Amino acid sequence: MSLTKDEWLALEKKAHELRNLCLDTTYWAGSGHIGGGMSCMDILTILYHKYLNIKKDDPDWADRDRFILSKGHAGIAYAPVLCDYGYNDKEQLKTFNLTNSKMGIHLDSNKVVGVDASTGSLGHGLPIAAGTALAARVLKKSYMTYCLTGDGELDEGSNWEAAMTINHYNLNNLITFVDRNHNMIDGNTEDVMKLEPLADKFTSFGFDVKKVDGQNIKELCDAVDYALASPRPVLILADTAKGAGIKMMENNYKWHYGAIDDKLYEECKKDLEEYYQKRVERVEREAK
Amino acid sequence: MAGGFVYTAVESTEMSTAEYYGNTLAELGREHPEIVALTADLANSTKIGIFQKEFPDRFFNVGIAEQNMFGVAAGMAKAGCVPFLSTFSVFASLRCADQLHTDICYQNVNAKIIATHAGTSFGQAGSTHHAIVDFAVTRAMPNLTVICPADGVETANAVRAAYELNGPVYIRINRGFDRVLYADPDYGFEIGKAVELHEGTDITVIATGSCAFQALQAANFLENADGLKVRVLNMHTLKPLDKDAVLKAIMDTRRIVTVEDHNIIGGLGSAVAEVMAEAGKGCGFTRLGLKDTFAPIGLHEDIMSMLGIDSNGIIAAVRDVMGKDFELDDNWDDEV
Ligand SMILES: Cc1ncc(C[n+]2csc(CCOP(=O)(O)OP(=O)(O)O)c2C)c(N)n1
């Protein structure tokens with residue numbers, strides 16, 4: 001069912017809150033992987049506030065949908081989502097990265113409630129996701145598995161090995177997102193190690209590839225709806241901007257990891273507010 | 001063994017350990033055109049990017065593909081280049097263990113792995129980024145020399161020595177700044193030779209990496225507070241291990257504490273224990289390090305303190321071993 005205008009606006013509002021919480025967490029921690037956190041916040045928002053079949057009061061529910069954040073360094077975005085959802089106390093975000101905190105840069109599935117896999121070593125998520133999807137078949141469960149990878153991360157061969165597994169077993173109970181923000185640590189992906197033609201690569205590996213604007217909630221939701229109905233494994237290639245919503249960070253690879261002081265914090269807050277207004281205007285224009 | 005230019009104490013406080021590496025590699029690059037450098041999207045983080053700036057044509061960023069990088073390096077080495085490759089220690093030793101084992105060590109090619117963010121030095125990143133088993137893995141690889149420098153100056157020495165040695169070398173260095181152990185590079189660094197940092201006859205602390213500085217501090221404290229004479233050895237080379245220094249410590253001091261930013265299984269403590277057991281000479285002995293657990297997250301110095309591998313932890317361990325009932329005579333026959 002297509003997204004209604006009210007739903008869309010509600011998701012925009014939630015994404016806006018979560019972007020702010022990600023910024024706050026980065027500020028409290030002093031620094032963080034905010035660039036790649038912001039680029040995937042819309043994806044995290046629709047998953048946790050529209051699609052994932054999970055239970056607040058039963059995080060280990062065996063039939064829950066699974067979500068594997070393969071780009072584990074986006075913990076600075078994922079922790080706020082998990083706290084805001086209610087799995088963990090929001091106060092914990094204030095000690096993010098501090099000594100002995102339960103939450104460090106990469107979230108530990110044995111310490112942070114709601115994390116389905118401890119990631120951080122890139123290229124591990126998609127094989128694990130293939131595993132949870134395969135297990136659903138064996139155990140005759142109807143849950144879905146969602147996986148989110150970075151784009152630089154796709155340099156790791158393990159992703160392509162997993163892609164073969166997903167195609168071979170036709171794991172259509174797995175939906176893969178790629179956060180195509182075009183940047184990694186040392187620069188633009190096409191300068192460091194060419195990925196293009198990326199959609200063609202995934203197509204040739206057997207995925208049904210959907211290219212969307214990863215900062216457009218409606219397009220993202222349409223793609224997930226499509227994937228849920230698809231007889232084949234779908235990969236959603238989400239074109240995003242690293243640091244989305246904060247002007248000086250946008251598409252700037254140097255903001256892969258950065259420090260936020262008081263002055264920057266105020267600037268970022270203002271940017272996020274403006275960004276939100278623009279996004280709401282877009283909904284007003286485009287929603288039916 | 002001084003480098004091309006001599007680093008001063010001022011630079012020690014201004015340059016991170018990895019910057020010593022990057023600068024030394026660039027110096028070596030000027031001297032030796034066959035040196036090439038490779039990384040996997042970590043040019044800046046590992047400081048191999050300093051070489052890249054000067055020699056862009058001899059630098060290769062393979063993207064986030066460490067296994068591929070090790071294979072490519074093996075190929076380049078087979079053809080006559082001397083590759084230096086850098087990524088985080090946890091990936092160099094584990095993600096690429098097969099390539100390290102088969103492509104580099106088995107073929108015995110002349111490649112140098114300079115692995116950064118060693119031990120728990122990338123503390124806040126958690127266990128996915130802590131290298132706590134790399135000694136165990138790399139020590140067990142035939143042909144591989146394994147070095148863990150104590151600070152920036154020693155890193156510069158080790159990198160130069162690694163170039164001069166023909167064969168594969170694994171050097172693990174920390175993220176960020178190390179406490180300065182050496183103000184001057186001319187203290188006689190030699191691969192496979194422990195450096196005595198403090199004389200002592202009561203007990204020996206054998207330390208490696210960032211723990212060496214902590215051990216020296218502990219020895220100074222114990223001398224003043226307890227009147228103990230603690231020998232401190234900086235065991236910068238894990239393999240080949242300086243067996244003579246270990247045997248001498250056993251015979252001279254009869255008590256040993258090892259300390260490392262690594263699991264106590266398979267690392268420095270194990271290496272020392274192997275020498276001790278084969279010598280047939282029991283001795284008061286404790287291994288400090290991760291007690292077969294994953295580390296908490298936090299700042300490196302905080303983690304070191306929580307693990308008891310900082311000076312306070314070493315002081316406590318020394319007192320504990322000193323307090324143990326242990327014969328001081330030379331008659332080994334009457335001991336269990
Ligand atoms: C196996 C592995 N190699 C290297 C790293 C270090 N690292 C962390 S993030 C990153 C870049 C990731 O780029 P991308 O996948 O594009 O993520 P994004 O831009 O979305 O943050 C690298 C190289 C790692 N975490 N894991």
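**Entry 1. The second largest pocket**

I sorted the lining of the second largest pocket by residue type and recorded six nonpolar, 10 polar and five charged residues. The model I consulted is a predicted one. I then noted the volume of this pocket, about 420 Å³. Its lining comprises 21 residues, and those nearest the centre are Phe177(B), Leu299(B), His300(B), Glu301(B) and Met304(B).

I next looked up which parts of chain B form the lining. Helix H10 (210-226) and helix H13 (300-307) of chain B each contribute at least two residues. The greatest share comes from H10(B), which supplies four residues. I also checked the domains: domain 1 (2-172) and domain 2 (195-326) of chain B each provide at least three residues of this lining.

**Entry 2. The ligand site**

I turned to the ligand and found 23 residues around it, of which Lys71(A), His73(A), Asp151(A), Lys242(A) and Glu66(B) come nearest. By type, the shell divides into five nonpolar, 10 polar and eight charged residues.

**Entry 3. Contacts of the ligand**

Which residue has a polar backbone atom 2.7 Å from a nitrogen atom of the ligand? I identified Gly120(A). For the oxygen atoms, I noted two further residues. Asn181(A) places a polar side-chain atom 2.9 Å from an oxygen atom of the ligand, while Asn183(A) has a backbone N or O atom 2.8 Å from an oxygen atom of the ligand. Finally, I looked up how far the ligand is covered: taken alone it exposes 590 Å², and the protein buries 99% of that.

Terms used: Residues numbered from 1 in each chain as written. Chains lettered and ligands numbered in written order. Predicted model: local features only at pLDDT ≥ 70, side-chain atom pairs only at ≥ 80, totals over all residues. Heavy atoms only, no water. 1 Å grid on protein atoms, 1.4 Å probe; cavity = no way out; pocket = protein on both sides within 12 Å on 5 of 7 lines; lining within 4 Å. Points joined across faces, edges and corners; volume = space filled by probe spheres on them. Nonpolar A, V, L, I, M, F, W, Y, C, P; charged D, E, K, R; others polar. Domains from an automatic or database assignment. Near = heavy atom within 4 Å. Polar contact = N/O pair within 3.5 Å; in protein donor to acceptor, adjacent residues only side chain to side chain. Areas by Shrake-Rupley, 256 points an atom, 1.4 Å probe, with all protein chains shown as cover.
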